[in-house]
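Thanks for asking me to look this one over. Please have the model open beside you while you read my notes.

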Amino acid sequence: LFFLAQVMTLSFIFQVDDIGMARISQSITGMTSACCFYYAWKNLFYNRPALSQVPASGSIWTCGFKKVFVSAKRIHERHKVLRSIILSLVFAEAGLSAITTVATTYLSKVLGMKSSEIVLVFCLCLLFGGPGSALGGIVGARFGAVTSALTCHFGLIVVTGSASIYLTDPDQKPLAYFFAAMWGVFTGWLPPMNVTMFI
């Protein structure tokens, strides 16, 4: 939220268009990342002994792949519930990641939203993520993490499907903010449930 507020404030001060707003956004991201990475690389990494050794018959290029294969095979054969959870996490995380990219393009091209309006949509998503996380925790405590995650998946499918039906032209811009709040609820709800399921 602080980042979005910075971008909006600087865009207003400098009276820039969408491209200028993107430049401001990338400049802030680049400078912040550079400072954080520099500090981490310089001060936070330390020498520690290796947790495992490369087998005499293998190489550093292949041993990681072999370990992943052995773990995947063991999960497939002995832990079928864990296998199902991991597969659901793969698709759920891909779906959540796609919403950001697809929504940005969709809001811009179909609804004709300007960058400032799209920023407001994502601010609503962030604001409603907290209540969504709390709701997921309540449902998870009462019915279990798997049921909570399934409920969230179903809600996310219904909301995103409804958005694609109802958000079809610029007249529906105000409705986009309602869908943004709902996306926020579900994107705040699902990640903690995914972690809880996996644990």
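The numbered points below go from the overall fold to single residues.

1. A word on conventions. This is a predicted model, in which local features need pLDDT of at least 70 and side-chain atom pairs count only at pLDDT 80 or more, while totals for chains, interfaces and linings use all residues. Residues are numbered from 1 along each chain as its sequence is written, and side-chain values use heavy atoms, with hydrogens and water left out.

2. Fold. The protein has seven helices and zero strands, where helices (H or I, at least four residues) and strands (E, at least two) are DSSP runs numbered from the N terminus. Along the sequence the pattern reads α-α-α-α-α-α-α. The radius of gyration is 22 Å, well over the 16 Å that the globule rule gives for 199 residues, so the protein is more spread out than a compact globule. That radius is taken over C-alpha atoms, and the globule rule is 2.2 Å times the number of residues to the power 0.38. Along the principal axes, the C-alpha atoms fill a box of roughly 65 × 45 × 30 Å.

3. Surface and contacts. The protein exposes about 13500 Å², and carbon and sulfur atoms supply 71% of it; the areas come from the Shrake-Rupley method with a 1.4 Å probe, and for residues only the protein chains shown count as cover. Of the 199 residues, 28% are buried (buried means under 20% relative accessible area, exposed over 50%, partly exposed in between). Taking contacts (heavy atoms within 4.5 Å) between residues at least 6 apart in sequence, 70% join residues at least 24 apart.

4. Main core. The largest nonpolar core has 30 residues, and Leu107, Met113, Trp183 and Trp189 have the most contacts inside it. Such a core is a set of buried Ala, Val, Leu, Ile, Met, Phe, Trp, Tyr and Cys residues joined through side-chain atoms within 4.5 Å. At least two residues each come from helix H4 (80–109), helix H5 (115–143), helix H6 (145–166) and helix H7 (173–198). H7 gives the largest share, 10 residues. Leaving aside residues up to four places away in sequence, the residues that tryptophan 189 touches include Gly132, Leu135, Val139 and Cys152.

5. Which side chains meet in a salt bridge? Glutamate 117 and lysine 173 do, at 3.5 Å, N to O, and the count comes to one (the rule asks for a side-chain nitrogen of Lys or Arg within 4 Å of a carboxyl oxygen of Asp or Glu). The pair links distant parts of the chain, with glutamate 117 in helix H5 and lysine 173 in helix H7, 56 residues apart. Glutamate 117 counts as buried, at 18% relative accessibility.

6. Cysteines. The count of disulfides (cysteine sulfur atoms within 2.5 Å) is zero. The closest cysteine sulfur to that of cysteine 36 is in cysteine 35, at 6.7 Å, too far for a bond. For cysteine 125 the closest is in cysteine 123, at 9.4 Å, again too far. Cysteine 36 is partly exposed at 48%, whereas cysteine 125 is buried at 13%.

7. A backbone detail. Most residues other than glycine have a negative phi. Glutamine 15 has a positive phi, near 50°. Glutamine 15 sits in the loop between helix H1 (2–14) and helix H2 (18–44) and is exposed, with a relative accessible area of 59%.

Definitions and conventions:
Buried means under 20% relative accessible area, exposed over 50%, partly exposed in between (1.4 Å probe, protein chains only).
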